[in-house]
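Please keep the sequence and the coordinates at hand.

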Amino acid sequence: MTTSPAVKISILMDNRAKPGFLSEHGFAVWIESGNQKLLFDAGGSDALTHNAERMGIDLSAANYLVLSHGHYDHTGYVAELLNQHPHVKVLMHPKATQQRYSIHPGKGPKDISMPSEAASVLQAHPSDQKTVTEEPHELWPWLGSSGAIPRTHPLEDTGGPFFMDAEGRVPDHIEDDLALWIKTPRGLVILTGCCHAGLINTVEQIKTVTGETSIYAVIGGLHLKAAKEPRIAATLDALKQWNPDYLIPCHCTGDNVIDILQQELGYCVKPGRSGMQLMISPQISMLTE
Ligand SMILES: [Zn+2]
Ligand SMILES: [Zn+2]
């Protein structure tokens, strides 16, 4: 298998932060290996620029922006990034720009679409600079996207009251949800945004797409805070089988679920936060918490 010679994964924005870093309800990760650099999701605002500066990351050097899905908390910095750095290539699902809502019982509808300016900038981005596809897509031989993720597991759902309309008539299955895979010298690293497709569905899809089975790390939002016990149990069983060296739950995973993951899986679980970095090379793997 073609692996990255060495890769550094930096959490640029998360709901929690290391001292000196900013947090928000949002998610963004920076991935780099030599000159190959990628921004996976773009936080809920431009606050990630502060964290990037602190970590010595030059966002203008990004080759790619990949969107895990179109929610506002993953697309806050999209317009500014592409306006300032139009050379950045984009990978996203065709439905990422659609209008959508969450409707929690007793509350009115909340528009959780990406900012309209982000949608317009993405729309206007040159077509030879963007890949808008439902299919799995390889960006480099060592890194690619899952493509749209088949929803086969009976217990997994999107994790929330998501709708396409403000009246709550048409459910939003968040079909645009995708994940990234990285082939590292130590096995696959899987990066999720909110994991609305479910973690088991996501990992199974990536195993199919890559033909790899050894999972080194899972990093990202898992959106399990409202999940019922049987789904949590199935997720735990799957994680025990995959046996990753690192599980780094971020963003929307849910504090209640992070506690359960730590109790059940122990040392491999490292709650994510802005400023965290994982460096993986053939010689060394190092997590800076
Ligand atoms: Zn999210
Ligand atoms: Zn989401």
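Is Cys194 buried or exposed? With a relative accessible area of 2%, Cys194 is buried, where buried means under 20% relative accessible area, exposed over 50% and partly exposed in between (1.4 Å probe, protein chains only). This is a predicted model, in which local features need pLDDT of at least 70, side-chain atom pairs count only at pLDDT 80 or more, and totals for chains, interfaces and linings use all residues. Residues are numbered from 1 along each chain as its sequence is written, chains are lettered from A and ligands numbered from 1 in the order in which they are written, and side-chain values use heavy atoms, with hydrogens and water left out.

The SG atom of Cys194 coordinates the zinc ion (ligand 1), together with Asp73 (OD), His74 (NE2) and His251 (NE2), at 2.0 to 2.2 Å. Donors here are N, O and S atoms within 2.8 Å of the metal (3.2 Å for Na, K and Ca); water is not among the atoms, so sites may look incomplete. Along the chain, the donors of this ion follow the spacing D-H-x119-C-x56-H. The zinc ion (ligand 2) is 3.7 Å from the zinc ion (ligand 1). His74, at 0% relative accessibility, also counts as buried.

A separate feature is aromatic. Rings of Phe, Tyr and Trp (its six-membered ring) pair if their centres lie within 6.5 Å; planes under 30 degrees apart count as stacked, over 60 as edge-to-face and the rest as tilted. The structure holds three such pairs. Tyr64 and Trp140 are edge-to-face, because their centres are 5.5 Å apart and their planes at 75 degrees. Both Trp140 and Trp142 are buried. Tyr64, Trp140 and Trp142 form one aromatic cluster.
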